[in-house]
2 protein chains.
Amino acid sequence: MPKEATTPSHVLLLRGGFVRMVGAGIYEMLPLGLRVMTKIAAIVREEMDRAGAQEVLMPALLPKEYFEESGRWESFGDTLLRLKDRKAGEYHLGPTHEEIITDMVRRDVKSYRQLPLNLYQIQMKFRDEARPRAGLLRCREFMMKDAYSFDTSEQNAIASYEAMREAYHRIFRRLGLDYRIVAADSGAMGGSTSAEFQVLAQNGEDAIVACTKCDYAANVEVAAQVVPAKKTDAVSAPSKVATPGKKTIEDVAKFLGLPASRTMKTLMVVADGKLTMVLVRGDHEGNDVKIARAAGAREVRMASDVEIREGVGPVGYLGPVGWSGPVIADMSLDTGEGFVSGGNEVDVHLRDVVLGRDFQAKLADVRTVGNGDPCPRCGGELKSYRGIEGGHIFVLGTHYSAKMRATFLDENNVEKPIVMGCYGIGVSRLVATSIEQHHDENGIKWPIAIAPYHVVVTTAGKGDDLDQAAVRIYDELRAKGVEVLFDDRDERPGVKFKDADLIGIPLRVVIGKKGLAEGKAEVKSREEKDPTMVPLAEVAASIEQRIVAGGGRLRAS
Amino acid sequence: MPKEATTPSHVLLLRGGFVRMVGAGIYEMLPLGLRVMTKIAAIVREEMDRAGAQEVLMPALLPKEYFEESGRWESFGDTLLRLKDRKAGEYHLGPTHEEIITDMVRRDVKSYRQLPLNLYQIQMKFRDEARPRAGLLRCREFMMKDAYSFDTSEQNAIASYEAMREAYHRIFRRLGLDYRIVAADSGAMGGSTSAEFQVLAQNGEDAIVACTKCDYAANVEVAAQVVPAKKTDAVSAPSKVATPGKKTIEDVAKFLGLPASRTMKTLMVVADGKLTMVLVRGDHEGNDVKIARAAGAREVRMASDVEIREGVGPVGYLGPVGWSGPVIADMSLDTGEGFVSGGNEVDVHLRDVVLGRDFQAKLADVRTVGNGDPCPRCGGELKSYRGIEGGHIFVLGTHYSAKMRATFLDENNVEKPIVMGCYGIGVSRLVATSIEQHHDENGIKWPIAIAPYHVVVTTAGKGDDLDQAAVRIYDELRAKGVEVLFDDRDERPGVKFKDADLIGIPLRVVIGKKGLAEGKAEVKSREEKDPTMVPLAEVAASIEQRIVAGGGRLRAS
């Protein structure tokens, strides 16, 4: 077990013999792992087909020209794996296929009559991630379903997007995943036409909040806060107060006998080269992504102590009163109340500083929303989660079609750019994601719909009668199209049970001496603590029923 | 249509909308093409599973180290697509996976108890072919099934090889291909443990001969000739004959009133730098590969006129008598008869030159066997074909396992190298290969087992009654799991029929005015000239029966 394997899915995939590492972020799917991935892909395929999308298969080896046309040959940076062929022609491996599919559509689609179109593929993608991590959670070669929709208008594109959202719901439900649809940070696109399907998991890379009452959910970068109520209490003019050695919010609040929520926290950032003051309430946390958006800046970094000392005042005692540079204040400070801020002098703070009266600032939502905050949609309580992005749906608009001149003639013979959407699902990532959500201290607990095998049949004890009964049940199950493992290894029952639990087989049939004497076998699910004794003649039917009830599927004979 | 598209499969795949070119030797599978390829892959998968092989999926992006270990990082030359990652680590794209699978097996397999093993994958391969050609026939990115067997002994490896040969028979038969198993030129391995599945096709790259009586078939490079009978007639000593201006076999034979088969053809080659004479009968052709093998040389080229003039004699009048360098004579000359050869003087030939009496030579099989030659196995008549390599099976022996130390402990605890085999099928190539064998002037004629759709339903004429009847039949067929296209375009029937024939849909149902008045529909296969009138209520059952009879499969509902 490599020492970098720490997340449960990484450890269990390796220990259970599902995958093998071939290089950093490069994995081989062994038979068990491939069976799970194939089942996930089959569910994705069925739901895409049901939604009217058509499957294609684009190449992974791509000539430079397409990405050059869109500008991504440069903008993808080091993540793009570039190579040259024997004639020094430049190529790259496909990290995603917007350009290739747009090229196809611009060649073939001429008229509005040929639209809408939704094309998808299930294929290996290549990205030279700076930090591949956690086994299948972030790989450099990974299986993805990527779909692209083509419509005649923004409105129709949104309809395609909604259809994909419904298809994704069905997919994630069938996969047995607990997930939230969250508004992602989609930059210029606006939140309403981009959403992530976040699978809840302790080891997720993404921080999200979700309402405990309604279905609101958002990445913390975009989770909106509720506009605060205005207070109308009169507030005295600001007054200096000596706060010797009190530099942190905690120390100041305690020293002054006030809650942290009545203080202002001053953050100094450098936004596109300009020193900028950001204010949030003492009990809140500033959010980098929101700050950058509020500043309208491409690059934002924390100011250094030197920059702060030279440009503003003593670190630990900063405040907006008397500072002439730009100030961005979080909207939670806009209540008309007085807050405690730094006095821009060593050992000095100011009481009763009122935003808009004592200093001017650009108001914005710049803090991280979290546990206990009110839901911006229904007022209910928000809860924080970690999530793994399992899918992403996105209205692209005319970004690629305009650049690549993918147009159509509308009903009035007017040439217009096609309106696109794109829709991804990380198929190989979902193998690991499922484990992150479905495991215990003994191993994996696959939902039956994606388990590599439905059931393991084995004996407890020795004897030809036991073996024969086990083989009979194995044959019966196979005849019904059940995917069954027969564990005939010469091991103690405990070892066999442990292995079956490790690899997460949902159902177990055990032929033991005592049961067989009564004409019965033990049937137990991975979830159940104790087996049920089932008459031998009823075992196959009982297993079949459990599989179907659990969303599993029997093989066509 | 690009001008380089000349082979039928290339033209029809493009015209029929099955594939689209993205770069040289790089194709995208459009919905129709992907459906065919997926069906071929499914048949391959079923037969591999039936043969007890287990499916895995290895990465395409491979760290340099594995191929370095086997020596192929160098020996693969320009065909290997190499690239570097963001840390300047060296990688390549997998052209085949012997090293990767051997690495897996050496890590996991320790004992003879874990053998035999047969692992396969269906996956995109990458080879930077010097001359990609003919669409899917020779691509730089292509889908391949590659399987690898691991055994404890050469004998067991041959058993694995034989099992694969049987599986391949089933696969090629189910695909509806006319093929021959031919002994390939396997170099040092020996012909008995390597065979190609050659699909007969006019545009094939490979020249093969096959017996018209028994199942003997071989690449012309290895097709053996029958040892000639010895003649015991007394032959006079060689005598000079003036042959003014007669330089070609044809001219000399005609001039002397002899058949070409009584003359010797003298070829001068340079084998690993050494000027060497090669003799074949006047009516035979020398074969480069056989000559190289007979000379034991790595590199053989034709000698230049200068080299010949300076080293032997006048071009057009060469012969073995009086030449002191090495001579290789084809075994067909070893009959004890006298042949006419050149006299090594301008305008002079020699009659009655007898091999072994008048000159010494190394006897070998150095000529191309062809149409009309006797079969080396049964004496029947051979016929020449062009073939496309669809599959290749191969006993590798311990080539990789010895180099990479993939060993096991046998029953006596003795460490031995694992004996390997490898087995490829060009899945995407078979899409094109099938067309090469199944097309006419109107388009593709897919065998029903791999057709993108089983049947097309359409109307001839206009009217709600026609449309309703067509929709009803469409729905009935779909309910039965038939893959059906509904052509409801506003086109003339002739145009629709032409398109259906172009894309090779095996069955057609047409609802016409006249037939409908009698409660009947036209049912016609792509092969048939005239349709059969079938009562509407029986159409679905009739189609179903034709599909099953043709080896097609209905979808599980």
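Reply: Helices (H or I, at least four residues) and strands (E, at least two) are DSSP runs, numbered from the N terminus. By that numbering, B:Pro116 lies in the loop between helix 5 (98-108) and strand 7 (117-126) of chain B. This is a predicted model, in which local features need pLDDT of at least 70, side-chain atom pairs count only at pLDDT 80 or more, and totals for chains, interfaces and linings use all residues. Residues are numbered from 1 along each chain as its sequence is written, chains are lettered from A and ligands numbered from 1 in the order in which they are written, and side-chain values use heavy atoms, with hydrogens and water left out.

Me: What makes the peptide bond between B:Leu115 and B:Pro116 cis?

Reply: Its omega is about 0°, and the bond is accordingly cis. In chain A, the bond from A:Leu115 to A:Pro116 is cis as well, with omega near 0°. A:Pro116 is located in the loop between helix 5 (98-108) and strand 7 (117-126) of chain A. Most residues other than glycine have a negative phi, and most peptide bonds are trans.

Me: What is the phi of A:Ala88, and where does this residue lie?

Reply: A:Ala88 has a positive phi of about 65°, although it is not a glycine. A:Ala88 belongs to the loop between strand 5 (82-84) and strand 6 (90-93) of chain A.

Me: How do you know that the copies meet through the same surface?

Reply: Of the interface residues of chain B, 100% are also interface residues in chain A, so the copies meet through the same surface.

Me: Why are helix 2 and helix 11 of chain A called roughly perpendicular?

Reply: Helix 2 (residues 31-50) and helix 11 (residues 427-437) of chain A pack at about 115°, with their axes 9 Å apart. Axes are lines fitted to C-alpha atoms, for helices over the stretch in contact, and angles run from 0 to 180 degrees between N-to-C directions. Angles under 35 degrees count as roughly parallel, over 145 as roughly antiparallel, 65 to 115 as roughly perpendicular and the rest as oblique. Helix 2 and helix 11 of chain A are therefore roughly perpendicular. Their contact (heavy atoms within 4.5 Å) includes A:Val36 and A:Met37 of helix 2 and A:Val427 and A:Ser428 of helix 11.

Me: What makes helix 1 of chain A roughly perpendicular to helix 11 of chain A?

Reply: The axes of helix 1 (residues 8-15) and helix 11 of chain A come within 8 Å and cross at roughly 110°. That makes helix 1 of chain A roughly perpendicular to helix 11 of chain A. Among the residues in this contact are A:Leu12 and A:Leu13 of helix 1 and A:Val431 and A:Ile435 of helix 11.

Me: How far apart are the centres of domain 2 and domain 3 of chain A?

Reply: Taken over C-alpha atoms, these centres of chain A are separated by 66 Å. Domain 2 covers 239-364 and domain 3 covers 453-549 in chain A, with bounds from an automatic or database domain assignment.
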